[in-house]
Amino acid sequence: MIEFADLHVRYPRQTCEALDGITLSAPYGAITAVVGPNGSGKSTLVRALLGRVARAAGDIRIDGADVSALGRDVVARRVAVVTQREEAAFPIAVRDYVALGRFPQRGAWGRDTAEDRRAIEDAMRLAEVDALADRSVHQLSGGEWQRARVARALAQGGDAFVADEPTTFLDVAHEMLVFEILGQLARAGRAVLLVSHQLNLVARFADRLVLLQQGRVAAAGAVDDVMRAEVLEPVYAWPVVVTRDPAVGAPALVPLRRSGGTLPSP
Amino acid sequence: MRPLHWVLLVVALAVSAVVALAFGTIDVGAGAVMRALAGAGSRTDVYVIRDLRLPRVVLAALLGAGLGTSGAALQGVLRNPLAEPYLLGVSGGAAVGAVIAWSAGVAFALLPLAAFTGAIVAVTLSLLVAHATHGRGDPRVLVMAGVVVGAFANAAIMIVMANADVSTVRSALWWMMGSAAEATWTQNAWLTAYVLVGGAALFAMGRTLDALSLGEDSAAGLGVDVDRAARRIYLIASLVAAATVAAAGLVGFVGLIVPHIARRLGATGHRVLVAASALIGASLVVLADLIARVALPPAELPLGAVTAVLGVPFFLATLRRLT
């Protein structure tokens, strides 16, 4: 289980805290989705887990052990992360890129084992980039690159999977594919922590929702408790209606047109 | 890269070395080169080949290998295809060290030490600047810190040179243009140690470099202690570059273009890239030094100028591929 306990993060030279006492946990065997408006602290949460932003206070624990005490290599063997943004500085074949996911397992000197090769091939097949294996990552479309990134995290293995907006740039089918993959990981017993803006898909796939607003938890709980207009509307500051999707039965968010031309004229 | 590529790179280096040993003020055949290396043949041949040309060819190969590996590692860690060892204030710092020592009348034998010290001071300064701005492992901040320290070093050189006598300015200039002419075996032994140990360390960190070249967050997700790894690679690569500067002055463009040539030959992973860059860099500088010796006899061209002339077309081709 990944736990954030009363986590405070403040970026250098900023007056307000990016994370202002966040407490949430992502248990095994479930998808925990973190949602919220732009700048509410979702990605900072992921970067704090990666040790890329300094904690002002609070704890980040994996099965009770603090991540800074565990060491980055140990964390990487247990938690695979799809970061929000990534760009390969130099051209590299998709297969070699996905193989980098095995870095924590192989270390600096270890050679590819049969298990490594199997993990790499399985990950590419699952994320549907196996046909692109020999292409350079610089020749991929935005969506193909996104899937390659998911494949790299899948190859990494471990018992937790963290993904920061993994469906950006994806078409409808591949968006569904990624959500299905996350569901499969959770059913296989992994802890899945998902940051996403796709509220309606999150409502169908996630087991728990955490809604962030300005670095604080505005609401958390089961999908039906958070996917409510009176909860979402003040946080997003936009008129919304939450209905129930007739086809799948999950709560569905419908943002309304803002009446009366309240936007400033361009 | 396929095994055939490696064989070709080794053969290219061997051929360049033999050609560089064969040509000069006196041209010697390839067979005579081999005999002279073994200590046989005419006494003149043995003297010219073994005592005059061989140390120089070895120095050129070491310079190329050092600058090539250093450039490959720095481009990876800084995620910047235009990074090279001299970008980071290494050259400026070394030049300041040497020029100050020169005008202070320090013994000639101690100049490399002064250059080396200057380079280390400059690299430390750019790391401190990056650290002070909270950039730490941020490649953009490291590059900018290096550029600033380099600019400061250039200003310092100009100030020192403005008050120096003509002979000091001439020697300093010659040194800043790079030359393998003063090669000695003692110097070669030192440089071998730096290039071998530094190169091996960078080779060993090849996979870490692969992870770092994806960006800091992704590298951290793969288990790399980003700030520490970046600092270590930056420091080792700078040390190797500083050692080459101390041995032969500033030889530009090698660290920049060699990794690109290696990538074009199919070297993608950094371990392969570092090793291939060592071989390619060695061949390139051996050939460049040969050109420096024979292009305009009896004058000798500055080695740094030759590598730059050879480098510019490569550089332009790379730019075209980048855009």
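How many helices and strands does chain A come to? I count eleven helices and twelve strands in chain A. Helices here are DSSP runs of H or I with at least four residues, strands are runs of E with at least two, and both are numbered from the N terminus.

Ground rules before I go on. This is a predicted model, in which local features need pLDDT of at least 70, side-chain atom pairs count only at pLDDT 80 or more, and totals for chains, interfaces and linings use all residues. Residues are numbered from 1 along each chain as its sequence is written, while chains are lettered from A and ligands numbered from 1 in the order in which they are written.

**Chain A, overall**

For burial I count other C-beta atoms within 10 Å of a residue's own: 20 or more is buried, 12 or fewer is exposed, in between is partly exposed, with C-beta atoms placed from the backbone. On that count, 42% of the 266 residues of chain A are buried.

Contacts next: two residues are in contact if their C-beta atoms, placed from the backbone, lie within 7 Å. Among the contacts in chain A with a separation of 6 or more, 63% are between residues 24 or more positions apart.

**Chain A, strands**

I call two strands paired if DSSP finds at least two bridges between them. One open sheet in chain A has four strands in the order β2-β1-β4-β5, with antiparallel pairing. Its edge strands are β2 (19-26) and β5 (65-66), each pairing on one side only. I checked how β5(A) is held: β4 (residues 55-62) of chain A pairs with β5(A) in the antiparallel sense over two bridges. I62(A) has A65(A) in β5(A) as its bridge partner.

Then the hairpin further along. Strands β11 (residues 240-244) and β12 (residues 251-255) of chain A pair in the antiparallel sense over five bridges. V241(A) stands opposite V254(A) in β12(A). Six residues lie between the two strands of this hairpin, and G249(A) takes a positive phi near 80° there.

Which residue other than glycine has a phi near 45°? That one is D6(A), and its place is in strand β1 (residues 2-9) of chain A. D6(A) is exposed, with 12 other C-beta atoms within 10 Å.

F169(A) is not a glycine either, yet has a positive phi of about 75°. I found F169(A) in the loop between β7 (160-164) and α8 (172-187) of chain A. It counts as partly exposed, with 14 C-beta neighbours inside 10 Å.

**Chain B**

Chain B has 14 helices and zero strands. Its radius of gyration is 20 Å, which agrees with the value near 20 Å for a compact globule of 323 residues. The C-alpha trace of chain B spans about 65 × 55 × 35 Å along its principal axes, and 54% of its 323 residues count as buried. Of the contacts in chain B between residues at least 6 apart in sequence, 75% join residues at least 24 apart.

Is helix α12 (residues 254-264) of chain B enclosed or open? Nine of its eleven residues are buried, so α12(B) is largely enclosed by the rest of the structure. Among them are L256(B), I257(B), H260(B) and R263(B). Just after α12(B), G266(B) takes a positive phi of about 105°.

I also stopped at G29(B), in the loop between α1 (3-22) and α2 (30-37) of chain B. G29(B) counts as exposed, with 10 C-beta neighbours inside 10 Å.

**Where the chains meet**

Last stop: 23 residues of chain B are in contact with 24 residues of chain A. On the chain B side, α9 (206-212) and α10 (216-221) each supply at least two residues. The largest share, five residues, comes from α10(B).

Notes:
Rg over C-alpha atoms; globule rule 2.2 N^0.38 Å.
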